[in-house]
Amino acid sequence: MSRAARTAVLRDAVGLGVAVGLYGVAFGAAADAAGLDPWQALVTSLLMFTGASQFAMVGVLGAGGGGPAAIGSALLLGTRNTVYGVRLAPLLAPRGLARRLGTAQWVIDETTALAVAAPDRGLARLAFLTGGATIYLVWNATTLVGALGAAALGETAQAALDAVVPAAFLALLWPRLRAGAEEPAVARRVALGGAVVALVLTPFVPAGVQVVAAVVAVALAGRPRGAA
Amino acid sequence: MSPGTLWAVVLVASLGCYLLKLAGLSVPAAWVERPWVTRVVTFVPAALLAALVAVQALTSGQDLVVDGRLAGLAVAALALALRAPFIVVLVLAGATGALVHVLTG
């Protein structure tokens with residue numbers, strides 16, 4: 001592998017790692033708003049380590065949802081990583097059980113994007129490892145900063161935080177709806193469907209269940225029909 | 001929710017998410033790479049995130065509530081449409097929420 005290609009891979013990996021730090025602060029703050037203490041927020045980032053699932057879990061808990069709905073929504077978003085793993089397995093070819101168990105923890109959106117974009121397998125491994133290590137460190141450190149910071153807020157700042165949480169979800173959703181995303185028109189219909197079903201169900205089902213129900217309803221509406 | 005229950009939720013959800021990651025590295029690719037599976041996986045986040053936006057901005061328990069969160073969300077949408085960075089979107093939404101809270105007491 002050439003020196004220039006190596007440098008480019010390292011630069012992208014570290015750059016992305018630093019960029020996720022802001023989301024880590026937002027997650028720590030959202031976890032505090034949902035009633036998690038800073039340790040629970042940190043352990044979530046250490047062990048779950050997949051941003052969208054973590055946001056979904058604290059989102060449901062913050063809405064007053066129960067454990068099964070919170071776990072279910074985290075798992076629904078976690079299925080993405082299964083598809084990423086299938087894509088990464090031939091690239092990274094982790095040999096032996098211990099290496100595979102370790103590799104699995106870092107299979108997320110960002111590391112997959114880095115590894116798949118690398119020009120060859122050696123660089124893909126380097127991108128995955130350096131990206132995974134940087135993101136893991138920054139994500140956990142900034143989670144703790146966000147959780148401790150939010151825990152120290154007064155009443156007006158708490159109102160600000162309440163407004164930040166839905167805005168953070170919207171910011172996560174936005175790139176999936178924009179022109180240039182995968183089938184943005186379908187994604188927009190799916191998003192609108194999810195939001196409407198969730199709001200309509202809110203008065204009738206226990207808090208948090210409407211989120212999972214909305215996803216299931218939308219997935220069923222788009223299921224393959226007949227022999228397809 | 002008691003701290004013990006919260007810990008259980010955190011640990012069970014984390015273990016489940018880890019096993020989903022591990023499964024991708026371990027199962028035959030043909031099990032996962034079916035058109036309908038990849039399609040559902042592609043669009044589930046849009047439905048889930050939109051449902052969370054709606055629930056976080058407009059509900060409190062089982063009630064629909066309009067307050068500073070909705071104003072913050074509108075400002076966030078405007079900022080996103082203007083391609084503002086993530087941190088700017090969050091700060092604007094937070095400032096709007098705090099302002100409405102102060103104005104409405």
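In which helix of chain B is the place of B:Val91?

Analyst: The model is a predicted one, and B:Val91 is found in helix H5 of chain B. B:Val91 has 17 C-beta neighbours inside 10 Å and therefore counts as partly exposed, since a residue needs 20 or more such neighbours to be buried and 12 or fewer to be exposed. Along the sequence, 15 residues separate B:Val91 from B:Ala76, and their C-alpha atoms are 8.9 Å apart in space.

The largest nonpolar core has 116 residues, and B:Ala76 is among the members that touch the most others, together with A:Ala30, A:Ala167, A:Leu173, B:Ala47, B:Leu48 and B:Ala51. The contacts of A:Leu173 show how the two chains meet in detail: leaving aside residues up to four places away in sequence, A:Leu173 touches A:Ala191 in chain A and B:Ala46, B:Leu49, B:Ala50 and B:Val53 in chain B.

The interface as a whole brings 67 residues of chain B into contact with 85 residues of chain A. On the side of chain B that touches chain A, at least two residues come from each of helices H1 (3–26), H2 (29–32), H3 (35–58), H4 (68–81) and H5 (86–104) of chain B. H3(B) supplies the largest share of that side, with 21 residues. By residue class, the side of chain B that touches chain A consists of 47 nonpolar, 17 polar and three charged residues.

The UniProt record, an unreviewed entry, assigns the feature "transmembrane region" to residues 6–24, 36–58 and 70–103 of chain B. Residues 6–24 of chain B are 100% helix and 0% strand, with end C-alpha atoms 28 Å apart. For residues 70–103 of chain B, the end C-alpha atoms lie 15 Å apart, and the span is 88% helix and 0% strand.

Chain A carries the feature "transmembrane region" in UniProt as well, again from an unreviewed entry, at residues 12–35, 55–77, 126–153, 159–177 and 189–222. Residues 55–77 of chain A are 83% helix and 0% strand, and the end C-alpha atoms of this span are 10 Å apart. Residues 189–222 of chain A are 76% helix and 0% strand, with 11 Å between the end C-alpha atoms.

Chain A contains 10 helices and zero strands. Its radius of gyration is 19 Å, close to the 17 Å that the globule rule gives for 228 residues, so chain A is as compact as a globular protein of that length. Along the principal axes, the C-alpha atoms of chain A fill a box of roughly 60 × 55 × 35 Å. Of the 228 residues of chain A, 55% count as buried. Among the contacts in chain A with a separation of 6 or more, 70% join residues 24 or more positions apart.

A:Ser2 lies in the segment before helix H1 (3–33) of chain A, and A:Ser2 counts as exposed because it has 9 C-beta neighbours inside 10 Å. The C-alpha atoms of A:Ser2 and A:Leu123 are separated by 9.7 Å, although the two residues are 121 residues apart along the chain.

As to confidence, the mean pLDDT of chain A is 89, and 97% of its residues reach 70 or more. Within chain A, confidence is highest in helix H2 (residues 38–47), at a mean of 97, and lowest in helix H10 (residues 209–221), at 86.

Note on methods: Residues numbered from 1 in each chain as written. Chains lettered and ligands numbered in written order. Predicted model: local features only at pLDDT ≥ 70, side-chain atom pairs only at ≥ 80, totals over all residues. Core = buried A, V, L, I, M, F, W, Y, C linked by C-beta atoms within 7 Å. Contact = placed C-beta atoms within 7 Å. Helix = DSSP H or I, 4+ residues; strand = E, 2+ residues; numbered from the N terminus. Nonpolar A, V, L, I, M, F, W, Y, C, P; charged D, E, K, R; others polar. UniProt positions renumbered as here; feature names shortened; annotations may be inferred. Rg over C-alpha atoms; globule rule 2.2 N^0.38 Å. pLDDT = per-residue confidence, 0-100.
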